[in-house]
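Here is a short briefing to read alongside the structure. Take a look at the model first, and then we can walk through a few of its features together.

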Amino acid sequence: MNRPSLGFVLLTACYIFTLTPVDADINHDLVLSKASRKIDLSSQLVKVSTSITLDNGGNQPVDSFHFAVDPSVADNLALLSASFKDGDDETVHLSVKETVIPSHRDLKIFLVNLATPLQSGGSVDVSVEEVFAHAMKPFPAKVAQSDKHQVLFTGNHYTFAVYKSKQQSTTITLSSSNIESYTKLKPSSQSDNTITLGPYSDVDAFKQSTLKVHFENNSPFMAVVDMLRIIEVSHWGNIAVEETYHIKHVGAELKGSFSRYDYQRTPAPTSIKSFKTILPAAAADVYYRDEIGNISTSHMLNQEESVELELRPRFPLFGGWQTRYLIGYNVPSYEYLHSSGNNYVLKMRFVDHIFDDFVIDQMTLKVILPEGSKDIKLKTPFPINEGKRELQFTYLDTVGRPVVVAHKTNVIEQHIQDFALQYTFNKVMLLQEPLLIVGAFYLLFLLVIIYVRMDFSISKDEASESKMRAAGLVEEVLRLLDRRCGLYNVYMDAVGKYKSSKDVAAFTNARKKLDTDYRAIGNQVTQLQKQLAHEQSDAVEKIGELQRKEHERKQLLDQAIVMAEKVVNGRLNKQTYVDNENSNKQKRERLSGEIEAIAATL
């Protein structure tokens, strides 16, 4: 029998070594002596809190360890953080950074740096918090208006870990005790709205067992599909904030049509009527609008540390329904903008509280800085994608205002943290806009002065000037006619008072004054008529006709006054007076209509 050659043996050994995965970046000396996991499914977010006891069984101290996210929900991860308790029982947050292990590139793994190296034979208790968005799916996908909302959560019976575990246990908290079903892996138990899995002993690394929980969850399943937050900074003491929302009910879709009658009679567990938004305590001039206009169904409560704004959309939200609206407010800049010389730092929240357990699928933050800002640096407490810088032009801008753009997905309540935006701004630039206004008005006044003092006409147009003079004279005639019509009303008021009070002296004095004013107006109209004779002959004839009809109307008025005096003195009975007065009044009204018709043609 032939013995294999040495070259063949070496080739075979290299081939086997290539096919065998080697976790060179995983410290196999680390073991989880205990892993206690709590899964909170009481809202639309899946919140997982894992308490682990990490033992170092090696000979060398370690300063970090790996933490893997369960592949069944890894794509829905919104937040991962780690912390531990120090000797004073104070919570210390640990540095967490996503990393890649060559042998497990398909997994989402994070590297957690310990505060102090873990010595050989030592152990440390670490708490890891995870939040997942859209990890629960409506089941069934469509429900009737009055049906309850049920969801399906798919996860892992075991705590998915990079290291072996000596003991594991899981506690699942649900929003209600109405559980349709769940996959059981002994030992497991249920009590009210709590499911307990384990304890499980000697669990291998990366071990998986599909967990499914089907239960009732009537919590609001509402997501912000897209949000734009614009912060406009002014060095004149104000910061304007405007937020545009696209909100969608991501729960089970409404099956059939919506019935307003049934909605008022029977509760709809899946519907969302209103929600509360928390704004900064200094927020002022708050407005709430949508594409139609202002929405009045909102209530604002000013509290000591915040402003609580209860918003009610124009219609209740059912599964699959959407709404778009915007909120805006102002805050004083001294609370958020800090300066030292020409160096400025803006510290504001990346996002405000929109509603309880909110999730934003896609968020864009835009910060508009004053014109002339330079050396801009943005610092955030969590990873973001910084977009391309933009320029925005508003009133009195010359080169445009720089706009800092930042994007982030899966934003949740834990991301309500301050960002820091550093920039430099020369304070002399504050005078730019006032000087532009002063210069613009100065130039305008200068142009007006030049224009009114210069004659741009090539030659004088006598006909045009004559028309302009005639138009001015006609306008003055019309004004006098209006005054004369007003005198007629005063005449009739004086006659009415005379008939009721029978005060002859008062009536005589009032009539003398009215006659004087009437003659003065008539003289002025006659003078204007003479001036128009040189400019516009047609208007002169019409004014002459007006004067003749006015003379007839005045005679009728004098006759009415004489009849009033006779009836007051008892020389004319009332019935005769009434008949004569009605006839006289009809003639005056006819003449008044003719006078107005002629005046309209001037």
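This is a predicted model: local features need pLDDT of at least 70, side-chain atom pairs count only at pLDDT 80 or more; totals for chains, interfaces and linings use all residues.

An automatic or database assignment divides the protein chain into three parts: domain 1 (30-216), domain 2 (222-425) and domain 3 (465-600).

**Domain layout**
- The C-alpha centres of domain 1 and domain 3 are 99 Å apart.

**The pair α5 and α6**
- Helix α5 covers residues 504-532 and helix α6 covers residues 537-569.
- The two helices pack at an angle of about 170°, and their axes lie 10 Å apart.
- Because that angle is over 145 degrees, α5 and α6 are roughly antiparallel to each other.
- Their crossing is left-handed.
- On the α5 side, the contact includes F507, R511, D515, Y518, G522, V525, T526, Q529 and L532.
- Facing them in α6 are S537, A539, V540, I543, G544, Q547, E550, K554, D558, I561 and E565.
- Sorted by class, the contact of α5 with α6 has eight nonpolar, six polar and six charged residues.

**A buried loop residue**
- Where is T159 found? T159 sits in the loop between β10 (150-156) and β11 (165-174).
- Is T159 buried or exposed? With a relative accessible area of 7%, T159 is buried, because buried means under 20%.
- Leaving aside residues up to four places away in sequence, T159 touches A35, R37, T50, Q168 and T170.

Key: Residues are numbered from 1 along each chain as its sequence is written. Side-chain values use heavy atoms; hydrogens and water are left out. Axes are lines fitted to C-alpha atoms, for helices over the stretch in contact, and angles run from 0 to 180 degrees between N-to-C directions. Helices (H or I, at least four residues) and strands (E, at least two) are DSSP runs, numbered from the N terminus. Angles under 35 degrees count as roughly parallel, over 145 as roughly antiparallel, 65 to 115 as roughly perpendicular and the rest as oblique. A crossing is left-handed if the near helix is turned anticlockwise from the far one by less than a right angle, and right-handed if clockwise. Contact means heavy atoms within 4.5 Å. Ala, Val, Leu, Ile, Met, Phe, Trp, Tyr, Cys and Pro count as nonpolar, Asp, Glu, Lys and Arg as charged, and the others, Gly among them, as polar. Buried means under 20% relative accessible area, exposed over 50%, partly exposed in between (1.4 Å probe, protein chains only).
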